[in-house]
Amino acid sequence: MNGQIRLQKAQQLVLKWDSTVSEDARARRIFQGNRQEIDEYLQAVDEIQRSMESTTVSDDEEQSKKVNVTIQIAMARLEYEFRNILASHAIPIETESLTELISATSAPPLKNDLDILHWNMPYSDSSSFSGFYDTDDILSRGDDVSVSTISNYSFEQGESSTTSVINLIPYDSIYDLRSIGDSDISEDVSVDAISNYSLEQGESITAIASYRSMSSVREIDLIPFNSIYDLHCIAKRMITAGYFRECIQVYGSVRKSTFDASFKMLGVEKLSIRDIQSIEWKALNAKIGKWIHAARVCVKVLFASEKRLCQLIFQDLGTDADDACFMETIKAPLIQLFDFAEAISLSNRSPEKLFKILDLHDALFVLSPDIDTVFDSKSSESIRLQVTEILSRLAEAARGMLSEFEKTVLCEPSRVPVPGGTIHPLTRYVMNYICLIADYKQTLDELIVSRPATSSTYSDDLSTPDMDFTDQEGQSLLALHLIWIIIILQFNLDGKSKHYKDNSLAYVFIMNNVHYIVQKIKGSPELREIIGDNYLKRLKLKVRQTATEYQRATWVGVLYCLRDEGLHISGRVSKSVLRERFKSFNTMFGKAHRRQALWSVPDTQLREELQISISEKLIPAYRSFLGRFRTHIEHGRHPENYIKYSAEDLENALLDFFEGKAVSHLVSIHEEDESEIGIL
């Protein structure tokens, strides 16, 4: 009889809130009222549901229909309340404010693995509903609740912050716990004390552990805890009454639009593979950078926080409702996010894309543990698989781009010699490129799985360079690729040097470019570590050898004019031969001075060393020759036509060499072919 009275009161309360017949019910919301009003309605629904469970076929059919109609009205009302609670917190997240939150790639573990103690106690009375309110809200409502705090590290500031942990212990037992800590109920009670108490009492108090103790996931509260608790209460009753689908649909319809709005703020565009192929690389480069930022925000914050919200609302309700709601809410942004990365991985393999491809790979690789954590359910296995496949394709794309770069360096076709034998643009480009490659050493050490393809791989021409791997024993695969790139660069430069008609200038060209290679390696600690000092020594030797070859090609003939052989005829100095020697020296030096002042050795130290080396050979020889034979010329006719230079004049003239500037004539020489100046 008492049960029948409780059922009637419950039905009356539910009908009171029937918005189809009551203007007051349409104007008000249950869950915006006081706690007592909320609890009374929930109790009424529970009473009706218990009545339905205990109803048998022998019961009054009319009463049974009435109960069914009442529960339908109750579910419609709860669905309305569920939607309104969600909608009242449907505020897109300002994603720009999340940058600092994801700036740290790792974070110290929490001092305690408990993030939230979640409820699993049967409903008893109104006080038990207050177990999951926000702390400030609890105090303002005056409900009797114990809140414990766990101190943890602030990820950004390194300061201590607190995370609320709700202790769901029967309230008649809370006062027993005061003996553990202070007598004032507002004081914190230690988690260990509560856990011990729970075990002694046989209570079942479970906890949601943090995703990973070292997780870089940064969950934020999308909805206040008191509203989450209300949503949980509604979802529990709707699912129990068989309204699982309706509950999921309402949740998805509200949260999906909110999540989509947050995602839209990140600026990730929906692009197909065809779209990506048609976009200029400069524009696509910027989009990849934006994607990396968006992916970090989504995985570390948005996806993780949305999943946590679903777990808190639907936990312990069975039917995998939390996972179903989570995947339905984020499905469209998730597909758009990873489809972009997949499209990039399938785009053409131009070498200039390598570094953004590596950035994309690194970002996705770093996010992989968090992706595995957030998408850990069986239903999201396809997401984990897609990420793995994208990483594999990005790795393959990076390998292909490196191979394409090697081919490009070998086959670069320019034939016009650079003026003055200076550093070729190809050399600058290649060395800057491999210096950047060195910055990705850790990634490429993992991605490169084979030696470079050498010899006639790129061409049927058997004169293409080869590489003796036995000389590079102990080198990493990345080092072999970088050394191979330098080898084929030198091979290409050797070919370009043949377009100079002046062999001396060809040697200066090679010397300049190999010296630039050496300096770039020395200037990059990462590149030097990869390539190693042994190969660097070979390159330095090549610089010295080409410098020697230049001096031999230019100055052997000049110095030949200053030899004693052939000057003496019948024991006396032949003045005519001596005059020809001085005249030849003047002509050859004047020509060298005029031409080689236009040549360029950009590196100041190398230029000065070369000038000094020339001076050390030329000046002593000229000073000695002049000292021994000056009188023979000066006592003849027109000595000024033969002795044009003092040793000091030569020293000053040598300072003009390799400056890349035209100089005035020191001597009158025969007119030269102007087309040869500077490049021949």
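Tutor: Helices (H or I, at least four residues) and strands (E, at least two) are DSSP runs, numbered from the N terminus. The model is predicted, so local features need pLDDT of at least 70 and side-chain atom pairs pLDDT 80 or more, whereas totals for chains, interfaces and linings use all residues. Residues are numbered from 1 along each chain as its sequence is written, and side-chain values use heavy atoms, with hydrogens and water left out.

Student: How many helices and strands does the protein chain contain?

Tutor: The protein chain has 23 helices and six strands.

Student: What makes Gln551 buried or exposed?

Tutor: The relative accessible area decides (buried under 20%, exposed over 50%, partly exposed in between, with a 1.4 Å probe and protein chains only). Gln551 has a relative accessibility of 12%, so it counts as buried. Gln551 is found in helix H20 (residues 533-560). Across the protein chain, 47% of the 680 residues are buried.

Student: Which residues does Gln551 touch, leaving aside those up to four places away in sequence?

Tutor: A contact means heavy atoms within 4.5 Å. Gln551 touches Val556, Leu610, Ser613, Ile614 and Lys617, with residues up to four places away in sequence not counted.

Student: How do you know that the side chains of Gln551 and Ser613 make a polar contact?

Tutor: The term requires a pair of N or O atoms within 3.5 Å (within protein, one able to donate a hydrogen and the other to accept it, and neighbours in sequence counting only if both atoms are side-chain atoms). The side chains of Gln551 and Ser613 are joined at 3.0 Å, and this value meets the limit of 3.5 Å.

Student: What makes a group of residues a nonpolar core?

Tutor: The members are buried Ala, Val, Leu, Ile, Met, Phe, Trp, Tyr and Cys residues joined through side-chain atoms within 4.5 Å. The largest core of this kind has 180 residues, and Phe82, Trp291, Phe303 and Phe314 have the most contacts inside it. Helix H11 (residues 281-314) gives the largest share of this core, 18 residues. Among the residues that Phe303 touches are Phe259, Cys298, Phe326 and Phe375.

Student: Why is the pair of Arg308 and Glu219 called a salt bridge?

Tutor: The rule asks for a side-chain nitrogen of Lys or Arg within 4 Å of a carboxyl oxygen of Asp or Glu. In the pair of Arg308 and Glu219 the closest N and O atoms are 3.3 Å apart. Arg308 counts as buried because its relative accessibility is 13%, whereas Glu219, at 27%, is partly exposed.

Student: Where do the partners Glu412 and Lys496 lie?

Tutor: Glu412 and Lys496 form a salt bridge with the closest N and O atoms 2.5 Å apart. Glu412 is in the loop between helix H14 (381-411) and helix H15 (425-439), and Lys496 is in helix H17 (residues 477-497), 84 residues apart. Glu412 is partly exposed because its relative accessibility is 23%, while Lys496, at 5%, is buried.

Student: What is the distance from N to O between Lys441 and Asp445?

Tutor: The distance is 2.9 Å, and these side chains meet in a salt bridge. Lys441 and Asp445 both lie in helix H16 (residues 441-447), four residues apart, or about one turn of the helix. By the rule, the count comes to 27 salt bridges.
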